[in-house]
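Work through the exercises below with the model open beside you. Each task is followed by its solution in steps.

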Amino acid sequence: MSVVPILRRVCFGVGSVCLLLLAAVLLADGDGKRDSATANAIVMVQEGQRTFRFDTFGDEAFWGDQLKLHLAIEGAQFGGVGPGVSPRTALSVGLKVDADALPLNLLEQFRRGDINLDNPAVTLALLRLDAVVGVKGFFEGGTLRSIGIQCALCHSTVDNSQPELCPPSLQPNPGTGCVGRRLDGWANRDLNVGAIIALAPDLTPFTNLLGVDADTVRKVLLAWGPGKFDAELILDGKGFRPDGQTAATLIPPAFGLAGVNLHTWTGWGSIPYWNAFVANLEMHGQGRFFDPRLDNPQQFPIAAANGFANVMIDPDADRITSKLAALHVYQLSIPSPEPPPGSFDPEAAKRGEALFTGKAMCNNCHVKPLWTEPGWNLHLLAEICTDSFQADRSPDRRYRTSPLGALFTHTKGGFYHDGRFATLPDVIDHYNACFSLGLTDTERTDLVNYLLSLRF
Ligand code: HEC
Ligand code: HEC
């Protein structure tokens with residue numbers, strides 16, 4: 001018998017060292033012939049991971065050169081403006097420190113509390129070490145000259161191996177911390193993107209685009225709150241919902257996406273579609289983007305007026321398109337985290353499973369084991385008894401059936417695109433009313449336990 005199935009079983013859930021071992025065995029399996037597809041997949045995954053974690057796609061031309069965020073980080077003391085951003089401030093707006101990027105003695109100092117968390121010079125040192133997840137500092141002779149962002153900013157966090165290193169003001173999403181090892185694909189539900197952008201000394205790119213003054217831009221940004229971002233703001237200019245709440249949506253997980261047809265809360269397109277969209281239009285990287293659906297002045301007045309439907313660039317200057325293939329493969333490969341022991345009751349989950357596929361009808365849309373529909377996975381708002389605001393900000397004017405694996409990784413911020421349901425029991429109460437399911441309290445608890453047991 002080949003060693004591969006055995007190793008695969010042993011490796012299940014163990015992690016990257018084991019995966020590498022498995023890869024090595026796969027490459028040499030059988031009569032020693034190299035399997036070219038496997039070899040290619042490994043190279044693509046490694047390349048895609050680098051892009052996901054470390055590539056700015058040239059977006060420092062926006063975040064640094066235009067918004068001048070690096071000046072706010074440095075503070076007047078180091079040639080910038082204002083008080084600067086201390087590590088305490090950085091951690092309290094949800095930025096994460098990659099413990100693996102820190103020299104051991106520095107990590108030790110962190111643990112002992114010997115680091116002055118109120119000194120912006122420490123933030124600069126962390127940036128120099130490439131230790132701030134999703135943020136890249138560009139230094140020239142010791143001075144921070146610009147700053148760029150990476151996919152990992154919103155779609156990675158760190159584990160809670162050092163819980164004492166979180167500022168007391170921050171209650172991180174369960175299972176995550178502030179200084180720790182990278183968890184790629186986990187939504188950073190602590191990250192206050194709006195508060196970070198609002199620090200920018202120069203908001204002209206947003207005031208020009210949206211046609212409003214800087215105070216209005218700041219009001220919109222500061223309303224987002226932790227774990228949220230508004231990808232549609234720069235398309236339609238809507239900062240708030242009709243009820244006055246922020247129009248921003250929660251950051252979704254970026255694992256468990258393999259086999260899923262349409263992505264984002266409202267099903268904008270495939271993974272490579274959305275990656276190109278985000279890298280070009282949201283991160284402001286340098287690339288080519290094409291989507292004629294944006295050329296719609298009624299639905300997307302700002303996108304239409306600014307030519308977002310067809311962003312052209314000299315192919316030699318394109319820093320995005322060539323990265324899309326490997327980035328796609330990496331995202332399909334990020335393993336789903338295992339629900340932690342004790343996080344659900346297995347007996348109740350078993351009873352919940354029968355409800356999920358039976359009386360509660362969840363499996364009609366969240367189809368086992370993909371947890372979304374195989375096929376065109378979008379729904380009209382009436383089918384899930386919700387309002388059309390966010391759906392109407394997307395081309396198909398529908399909501400996408402959210403894949404439900406590893407829900408424990410993103411309980412902070414609530415559920416549904418805007419977190420309107422604070423907890424899973426609230427979600428089930430909603431369906432109970434919407435579909436007149438007649439679920440009892442015990443059945444609700446069983447379903448919650450089943451939901452918490454799901455992985456991809
Ligand atoms: C500033 C935060 C932020 C950054 C940076 C960011 N994203 Fe996202 N991402 C989001 C939000 C918010 C959504 C949901 C958007 C929506 O539904 O309108 C999202 C959605 C996604 C999805 C869809 C997931 C699903 O549930 O189907 C993928 C895939 C994704 N992002 C990948 C990326 C990649 C790759 C990058 C880097 C090129 C990136 N994102 C950069 C915030 C971000
Ligand atoms: C008609 C299709 C449909 C049915 C049936 C359905 N859902 Fe959903 N579900 C959706 C859609 C669409 C969304 C996304 C809504 C949004 O983001 O506004 C969703 C979102 C969710 C979410 C939130 C996920 C997240 O990441 O925030 C949970 C949890 C959920 N459903 C559980 C259930 C359960 C439990 C049932 C059965 C009681 C069920 N759903 C039945 C379509 C459905």
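**Exercise 1: the shell around the ligand**

Task: find which helices each supply at least two residues of the shell around ligand 1.

Solution. Step 1: helix H9 (152-155), helix H14 (271-282) and helix H16 (324-333) each supply at least two residues of this shell. Helices (H or I, at least four residues) and strands (E, at least two) are DSSP runs, numbered from the N terminus.
Step 1: H14 gives the most, with 5 residues.
Step 2: ligand 1 is surrounded by 25 residues, of which the closest are Cys151, Cys154, His263, Thr264 and Trp265. A residue is near a molecule if its C-beta atom, placed from the backbone, lies within 6 Å of it.
Step 3: the shell divides into 18 nonpolar, 7 polar and no charged residues. Ala, Val, Leu, Ile, Met, Phe, Trp, Tyr, Cys and Pro count as nonpolar, Asp, Glu, Lys and Arg as charged, and the others, Gly among them, as polar.

The model is predicted: local features need pLDDT of at least 70, side-chain atom pairs count only at pLDDT 80 or more, and totals for chains, interfaces and linings use all residues. Residues are numbered from 1 along each chain as its sequence is written, while chains are lettered from A and ligands numbered from 1 in the order in which they are written.

**Exercise 2: the whole chain**

Task: how does the radius of gyration of the protein compare with that of a compact globule?

Solution. Step 1: a compact globule of 456 residues would have a radius of gyration near 23 Å, and the protein agrees with 23 Å. The radius is taken over C-alpha atoms, and the globule rule is 2.2 Å times the number of residues to the power 0.38.
Step 1: the C-alpha trace spans about 65 × 55 × 50 Å along its principal axes.
Step 2: buried residues make up 42% of the 456 residues.
Step 3: the protein has 19 helices and 12 strands.

Methods: A residue is buried if 20 or more other C-beta atoms lie within 10 Å of its own, exposed if 12 or fewer, and partly exposed in between; C-beta atoms are placed from the backbone.
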